[in-house]
Amino acid sequence: MLTKTVWIPTADGQADAFAAFPDGGGTHPGVLMYPDAFGIRPVVRDMARELARHGYYVLVPNFFYRHGQTPVVELPEHIAGENRSAIFARIMPMIETHTAERVLSDAEAYLGFLGDQPEVAAGPVGVTGYCIGGLLATRTAAAHPDRVAAVAAFHAPVHADGPDSFAKLTAQVHFGHAEGDLTPETLGELNQALDAAGVAHTSEIYPGTLHGFTMADTDSFNAAALQQHWDRLLALLGGTLTLPQES
């Protein structure tokens, strides 16, 4: 894989981002990957590389760029229970000021950047995200139905904007929920809202999981659920984006 730090011009400055894509030339479908609130760090870079290994150009933006470059908040190698509270005390004010207006303004810049890269194939892209990043991914897909063909979100508050927020979704959807985040009843209500909006989707609770289950540098990590996440994400992207043919 080839990797690099890139800079994305936005309405409010420049966002740094991590890009990973296959070497060997050619073009590849674009995927915008929103990290969780802890931001770009080794585990997220590894996940971007893994997705790129399957043939995608993966762009991971620092969506808290208004507060500084990566790392916006210094993190330990392992984000354990004893230090989570102090970290979140620094992150929560940034989450609170990251309004829906900012999210959509930035999304326009991120998608525009993807479309301008010579390594990115023409056509629609995929968007995925984790924790708050899953909500940003869903908002991005709803705001750009002509540019986003697939959206996935994992342990994410995708219902935070209410059932009407799904009305503009035309992308195919996968939501992978933590067992600790949703009850079966809440899942049923969410899926009914997706059905009512006519969204092609899979939306399920991953058994035995806590919020943050995909992140290997947290106490919530669940290796089996991470693999389930890869299985679902790769199937979604493979069914909606066109990968280059092997020569």
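How many nonpolar, polar and charged residues are in the lining of the largest cavity? By class, that lining has five nonpolar, five polar and two charged residues. Keep in mind that this is a predicted model.

Among the residues that line the largest cavity are Asp36, Arg84, Cys131, His155, His211 and Ser220. Phe38 is also one of them, and Phe38 turns up again below.

Next comes the open space. The largest pocket holds about 310 Å³. It has 25 lining residues, and the closest to its centre are Phe38, Ile40, Arg41, Pro71 and Leu75. Helix 1 and helix 2 (81-97) each supply at least two residues of this lining, with the largest share, three residues, coming from helix 1.

Here are the two spaces side by side:

| Space | Volume | Lining by class |
|---|---|---|
| Largest pocket | about 310 Å³ | 17 nonpolar, three polar, five charged |

Helix 1 (residues 42-53) and helix 6 (residues 223-240) pack at an angle of about 45°, with their axes 11 Å apart. The two helices are therefore oblique to each other, and their crossing is right-handed. On the helix 1 side, Met47, Glu50 and Leu51 make the contact; helix 6 brings in residues including His229, Trp230 and Leu233. By class, this contact has seven nonpolar, one polar and one charged residues.

Technical notes. Residues numbered from 1 in each chain as written. Predicted model: local features only at pLDDT ≥ 70, side-chain atom pairs only at ≥ 80, totals over all residues. Heavy atoms only, no water. 1 Å grid on protein atoms, 1.4 Å probe; cavity = no way out; pocket = protein on both sides within 12 Å on 5 of 7 lines; lining within 4 Å. Nonpolar A, V, L, I, M, F, W, Y, C, P; charged D, E, K, R; others polar. Axes fitted to C-alpha atoms, helices over the stretch in contact; angles between N-to-C directions. Helix = DSSP H or I, 4+ residues; strand = E, 2+ residues; numbered from the N terminus. Parallel < 35°, antiparallel > 145°, perpendicular 65-115°, else oblique. Left-handed = near helix turned anticlockwise from the far one by under 90°. Contact = heavy atoms within 4.5 Å. Points joined across faces, edges and corners; volume = space filled by probe spheres on them.
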